[in-house]
Amino acid sequence: MTALNEDYLTPEAIALIERARALAPKLAERAFAADREGRVSTQTISEMAEAGLFRVLQPKRWGGYELDPRVFYTVQMALAEGCMSTAWMYGVVGVHPWQLALFPEAAQQDVWAKDSSIRIASTYMPTGKAERVEGGYRFSGRWGFSTGVEHCDWIFLGGLLPKKDGSGTLEHATFLLPKSDYTVEENWDVLGLRGTGSHDIIVKDVFVPEHRTQRTNDHSDAGCPGRETNPGWLYRIPFTQVFQRAVSSACIGALEGAVADFRQRSASHIGKHGNKMAEDPNAQTAVTEAMMAADQLKLVLFRNYARIVHCAKTGDKMPVEERLLQRAQASSVPKVTGRAIDELMRACAASGTYKTNAIERVFRDIHQGRTHIANNTDAYVRAHGGVMLGLPNADPYI
């Protein structure tokens with residue numbers, strides 16, 4: 001299902017989405033290995049790159065497609081029908097060309113001048129320690145959860161810097177570092193999303209030039225100097241409105257993939273007591289409720305991005321109440337899909353808990369996705385609720 005008023009679905013966009021859908025069965029075949037080995041295969045990464053998927057949000061002047069975010073998230077959901085780890089990795093790594101386009105031109109040249117297909121990893125937690133020196137910063141720290149880092153040659157790392165207004169207040173900043181400046185500690189051994197390879201990153205006293213930093217939440221032209229060379233409307237969307245879906249939308253596609261597996265399983269499975277799974281009221285309820293959940297979540301996703309795109313194109317400023325509601329809605333996706341996958345797993349009964357059942361893996365993946373800080377639904381729901389009840393906005397990213 002896609003949204004109504006689909007003017008963003010250009011022939012180019014449709015071709016990219018079809019390539020993603022064509023990859024999904026291959027990803028499903030490799031999903032068990034990715035889960036077991038803790039990494040998405042280099043073959044998968046190569047096929048995604050050859051299909052142009054990592055270029056959806058990349059500027060045209062750097063060989064990208066510079067397409068509507070709805071195309072990006074449709075691609076992500078299609079990939080997730082085959083393997084949620086792959087789609088999660090795609091959501092994180094594939095969105096980074098958008099942010100690099102906001103950096104000064106010199107940073108874009110550093111990364112893409114010789115090879116515009118270079119990929120960037122990230123971990124935005126603001127744990128980096130930056131000391132001001134001539135021309136930039138001495139930078140150190142340790143970060144967790146760097147999804148897909150082994151498939152990337154640069155990285156975005158979070159830190160705090162004083163605001164440029166002289167107030168002394170700290171604000172989030174993104175630091176851009178080459179692979180030679182950081183080490184990866186391979187420690188990703190968790191419940192779900194095992195294939196994402198989201199390892200720790202360690203940086204010890206390296207120099208980061210000023211042009212490789214960007215004030216993450218400064219949406220002004222001054223805060224986004226890359227707009228001088230990348231003036232398209234895509235790069236006028238606020239940071240959070242692009243990134244808020246990168247770590248939730250894969251859950252929707254994964255749920256739809258689980259529904260497909262569940263229907264196939266139900267067609268032939270007979271329980272230990274001789275009952276047909278398809279005749280089980282629990283199974284019948286679970287499959288329809290899962291389909292309704294996915295449908296409703298996609299409707300909200302597409303509707304919200306229609307508003308985001310409209311504001312970016314026209315220069316309209318979206319009210320804070322609406323932005324907070326969209327953040328709460330994005331963060332609720334893993335919670336809603338988690339409830340649906342719970343019921344699919346329950347209807348699979350005891351035999352469904354074997355790791356040979358793809359639904360079992362999706363169950364773990366979605367619940368792992370719920371642990372991401374951006375999916376802390378209760379916090380973002382309360383942030384919106386507080387503003388609606390007359391309190392000041394407490395979310396620094398909105």
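Q: How many bridges join strand 4 to strand 7?
A: Bear in mind that this is a predicted model. Strand 4 covers residues 170-178, and strands 4 and 7 run antiparallel. One of the pairs is T174 with Q214 in strand 7. As for the bridges joining strand 4 to strand 7, the count is 3.

Q: Is helix 10 roughly parallel or roughly antiparallel to helix 13?
A: Let's take the axes of helix 10 (residues 320-331) and helix 13 (residues 377-388): they come within 8 Å and cross at roughly 160°. Angles over 145 degrees count as roughly antiparallel. So helix 10 is, relative to helix 13, roughly antiparallel.

Q: What is the handedness of the crossing, left-handed or right-handed?
A: The two helices in question are helix 10 and helix 13. Their crossing is left-handed.

Q: How many nonpolar residues are in the contact of helix 10 with helix 13?
A: On the helix 10 side, the residues are E321, L324, L325, R327, A328 and S331. They meet T377, Y380, V381, A383, H384, V387 and M388 in helix 13. Sorted by type, the contact has 2 charged residues and 3 polar ones, while the nonpolar count is 8.

Terms used
Residues numbered from 1 in each chain as written. Predicted model: local features only at pLDDT ≥ 70, side-chain atom pairs only at ≥ 80, totals over all residues. Heavy atoms only, no water. Axes fitted to C-alpha atoms, helices over the stretch in contact; angles between N-to-C directions. Helix = DSSP H or I, 4+ residues; strand = E, 2+ residues; numbered from the N terminus. Parallel < 35°, antiparallel > 145°, perpendicular 65-115°, else oblique. Left-handed = near helix turned anticlockwise from the far one by under 90°. Contact = heavy atoms within 4.5 Å. Nonpolar A, V, L, I, M, F, W, Y, C, P; charged D, E, K, R; others polar. Pairing = 2+ DSSP bridges.
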